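Here is a set of questions and answers for a reader who works with coordinates.

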Amino acid sequence: MTQDQVSGTWTADRRSVLGRVWPAALGVVVAAATAVGLADARDVAPVLAASGLVYLAAAALGRRGAAWLAFGVTFVLIGATKVVDLDPTPWMIGLAVVLVVVGLAAGRRRPPWSLPLQAAAMLVLGAAASVAVRLDATAGGLVVAVGLLGHAAWDVYHHRSGRVVARSLSEFCGVLDVILAVALAVLVLTA
């Protein structure tokens with residue numbers, strides 16, 4: 001085997017590994033960036049609403065990859081809170097209402113695990129995010145942490161079933177949710 005063949009094989013193998021691990025690696029990076037310097041676990045409540053919105057977007061639009069686009073939108077909304085005084089959760093809830101209307105208009109009432117179930121999940125997650133910020137730091141932080149763990153189970157189910165969102169998104173989101181939930185629980189319980 002020539003040196004070029006060895007180099008080509010190594011590069012192909014490396015690309016193959018990166019192709020398999022990038023969603024989890026990105027989840028670790030985003031979770032770490034979110035948790036670093038965090039003083040109040042309730043500040044992560046918008047992530048809980050975002051986790052429901054990305055699934056709802058894919059179901060409403062009938063495209064699994066739409067979840068990544070929705071993630072980008074939620075990332076910008078949540079990031080905007082660093083620059084302007086903005087609570088992204090009501091905006092995400094408003095987007096969710098628009099997505100449900102779009103999905104219903106497109107006739108996406110079936111299958112039951114798609115738009116109907118994702119809309120219900122968004123309702124629960126949006127409500128939990130809205131309530132968490134109104135509670136004291138300990139209770140609110142625990143609501144967010146438990147909500148993220150619950151959504152991580154949602155991610156695992158969708159990853160295994162291959163339903164609604166791209167598997168890369170459910171893997172990314174599951175890793176992000178678990179790491180953030182643990183970080184929030186540690187922050188709340190050790191404060």
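Helices (H or I, at least four residues) and strands (E, at least two) are DSSP runs, numbered from the N terminus. The model discussed here is predicted.

Q: How many helices and how many strands does the secondary structure of the chain come to?
A: Read along the sequence, the pattern is α-α-α-α-α-α-α. The count that goes with the chain is 7 helices and 0 strands.

Q: What percentage of the 191 residues of the chain count as buried?
A: Buried means under 20% relative accessible area. Across the 191 residues, the share that counts as buried is 38%.

Q: What box do the C-alpha atoms of the chain fill, roughly?
A: The box is taken along the principal axes. Its dimensions are roughly 65 × 50 × 30 Å.

Q: How do H2 and H3 run relative to each other, roughly parallel or roughly antiparallel?
A: The axes of H2 and H3 are 8 Å apart, and the packing angle is about 150°. Angles over 145 degrees count as roughly antiparallel. Therefore H2 is, relative to H3, roughly antiparallel.

Q: In which crossing does H2 pass H3, left-handed or right-handed?
A: H2 spans 45-61 and H3 spans 66-80. Where H2 passes H3, the crossing is right-handed.

Q: How does H2 run relative to H7, roughly parallel or roughly antiparallel?
A: H2 and H7 pack with their axes 12 Å apart, at an angle of about 165°. The cut-off for this class is over 145 degrees. So H2 is, relative to H7, roughly antiparallel.

Q: In which crossing does H2 pass H7, left-handed or right-handed?
A: H7 covers residues 167-190. H2 passes H7 in a crossing that is left-handed.

Q: How does H4 run relative to H5, roughly parallel or roughly antiparallel?
A: The axes of H4 and H5 come within 11 Å and cross at roughly 165°. The crossing is left-handed. An angle over 145 degrees falls in the antiparallel class. H4 is therefore, relative to H5, roughly antiparallel.

Q: What volume does the largest pocket have?
A: Start with the size of the open space itself. For the largest pocket, the volume is about 720 Å³.

Q: Which of the 33 residues that line the largest pocket are the closest to its centre?
A: The lining of the largest pocket holds 33 residues. Closest to the centre are Thr34, Asp43, Val47, Ile78 and Lys82.

Q: Which element gives the most to the lining of the largest pocket?
A: The elements that give two or more residues are H1 (3-35), H2 (45-61), H3 (66-80), H4 (88-105) and H7 (167-190). The top contribution is 6 residues, and it comes from H7.

Q: How many residues of the lining of the largest pocket are nonpolar?
A: The lining includes 7 polar residues and 5 charged ones. The nonpolar residues number 21.

Q: Which phi does valine 164 have, positive or negative?
A: Most residues other than glycine have a negative phi. Valine 164 is not a glycine, yet its phi is about 70°.

Q: Why does valine 164 count as buried?
A: Valine 164 sits in the loop between H6 (137-161) and H7. The cut-off for buried is under 20% relative accessible area. Valine 164 is buried because its relative accessibility is 8%.

Q: How does alanine 60 count, buried or exposed?
A: Alanine 60 is in helix H2. C-alpha to C-alpha, alanine 60 is 9.3 Å from alanine 96, a residue 36 positions apart in sequence. The relative accessibility of alanine 60 is 1%, so alanine 60 counts as buried.

Q: What relative accessible area does glycine 140 have?
A: Glycine 140 belongs to helix H6. The C-alpha atoms of glycine 140 and alanine 129 are 8.7 Å apart, with 11 residues of separation along the chain. Glycine 140 is buried, and its relative accessible area is 0%.

Q: What relative accessibility does alanine 106 have?
A: Alanine 106 lies in the loop between H4 and H5 (115-132). Its C-alpha atom is 18 Å from that of leucine 53. Alanine 106 counts as partly exposed, at 43%.

Q: What C-alpha to C-alpha distance separates alanine 32 and leucine 180?
A: Alanine 32 is placed in helix H1. Alanine 32 counts as partly exposed, at 37% relative accessibility. Alanine 32 and leucine 180 are 148 residues apart in sequence, while in space the distance is 7.9 Å.

Key
Residues numbered from 1 in each chain as written. Predicted model: local features only at pLDDT ≥ 70, side-chain atom pairs only at ≥ 80, totals over all residues. Heavy atoms only, no water. 1 Å grid on protein atoms, 1.4 Å probe; cavity = no way out; pocket = protein on both sides within 12 Å on 5 of 7 lines; lining within 4 Å. Points joined across faces, edges and corners; volume = space filled by probe spheres on them. Nonpolar A, V, L, I, M, F, W, Y, C, P; charged D, E, K, R; others polar. Buried < 20%, exposed > 50% of the residue type's maximum accessible area, 1.4 Å probe, protein only. Axes fitted to C-alpha atoms, helices over the stretch in contact; angles between N-to-C directions. Parallel < 35°, antiparallel > 145°, perpendicular 65-115°, else oblique. Left-handed = near helix turned anticlockwise from the far one by under 90°.
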